[in-house]
Amino acid sequence: MGSTGPELASSFRNASAAKGPWDITRAFYGTLPTSEQPITPKGGVDVVSYKTPQKNLAAYVATMRKQDLITWHHEPEGPKDGFTPAGYRNAFVKEYAAAHQARASVKFGMISGGFQWREGNPGYGGGFLPPKGSVDWLGFDSYRTGAGARNAVVPLTQVAEFQSWYAIAKTYGVPLYVTEYGRGSTTVPGSGDQRPSVIRADHDYLTANNFAGWIFWYPENGIDKQWYFTDSSSLAALRSVSTGS
């Protein structure tokens, strides 16, 4: 399980104190620093995301802990990201090759955005997924706000965009992650009522299907407050399925 925040270690400590001492988290960068700055404790896993192609990549990858994961330009399917499926795939392969040239054992993966996997949106059908053999792991960011039927707070077994992604991703034969997981909204009354049971159901489902990990969305500094798991029932559910509980 996990918690997430910006790259500062203080954000992880704050989230960990609030939600439980989990062992996998996200770190977000525009341009990578010249060396890794781990967020999780010694035995944990950082999932590092960066945007600027190749700059500092070799130096950074050389300093990564062996268990940590790295991805370039997560959720690339959005219209504002400016990629065509072919353009992203080609650019990803170059980043993947550069990372492995710097360190053969690096774990370089790709993260898809859940909203864009809805039928009719750019990610639907898997056009942005890298070629098999050019990705070490795959992740999926999944949200539900509770605002309307298509955003209902339901388990992953009922989330069409997740199931569309999973049907393709599981054919790759690489570790799979849910890399951002949010349910309910502080702005939609009652939308969090189903969260505790959904959290537990998703834990059982992902465990049964051998997912390598999942990360609860808990950003710091006032970002995306609608995804906070703040009610006591949801917190209890999170802690009950956390590897740190």
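Helices (H or I, at least four residues) and strands (E, at least two) are DSSP runs, numbered from the N terminus.

**Ground rules**

I am working on a predicted model, where local features need pLDDT of at least 70, side-chain atom pairs count only at pLDDT 80 or more, and totals for chains, interfaces and linings use all residues. Residues are numbered from 1 along each chain as its sequence is written, and side-chain values use heavy atoms, with hydrogens and water left out.

**Overall layout**

I listed 6 helices and 7 strands in the protein. From the N terminus on, I read their order as α-β-β-α-β-α-β-β-α-β-α-β-α. Of the 245 residues, 53% count as buried. I also looked at contacts (heavy atoms within 4.5 Å). Among those with a separation of 6 or more, residues 24 or more positions apart account for 65%.

**Helix H3**

I checked the length of H3, residues 85-102. Its 18 residues should span 26 Å at 1.5 Å a residue, and the end C-alpha atoms are 26 Å apart, which agrees. The expected span is 1.5 Å times one less than the number of residues. The buried residues I noted in H3 are Tyr 88, Phe 92, Glu 95, Tyr 96, Ala 98, Ala 99 and His 100. An α-helix has 3.6 residues a turn, so residues three or four places apart point the same way.

**Strand E4 and its partners**

I found 6 of the 7 residues of E4 buried. E4 pairs with E3 in the parallel sense over 3 bridges; two strands pair if DSSP finds at least two bridges between them. Ile 70 has Phe 108 of E4 as its bridge partner. I followed the chain from E3 through H3 to E4, and this β-α-β crossover is right-handed. That term applies if, with the strands pointing away from the viewer, the path from the first strand over the helix to the second runs clockwise. E4 also runs parallel to strand E5 (residues 137-144), with 5 bridges between them. There, Gly 113 has Asp 141 in E5 as its bridge partner.

**Aromatic rings**

I searched the whole structure and got 19 aromatic pairs. Rings of Phe, Tyr and Trp (its six-membered ring) pair if their centres lie within 6.5 Å; planes under 30 degrees apart count as stacked, over 60 as edge-to-face and the rest as tilted. The rings of Tyr 96 and Phe 108 have centres 6.1 Å apart and planes at 85°, so I logged the pair as edge-to-face. Tyr 96 lies in helix H3 and Phe 108 in strand E4, so this pair ties together parts that are 12 residues apart in sequence. I read relative accessible areas of 14% for Tyr 96 and 0% for Phe 108.

**Helix H5**

I noted that what covers the buried residues of H5 includes helix H4 (160-169), strand E6 (176-183), strand E7 (213-216) and helix H6 (232-241). Just after H5, Asn 210 takes a positive phi of about 60°.

How values were computed: Buried means under 20% relative accessible area, exposed over 50%, partly exposed in between (1.4 Å probe, protein chains only).
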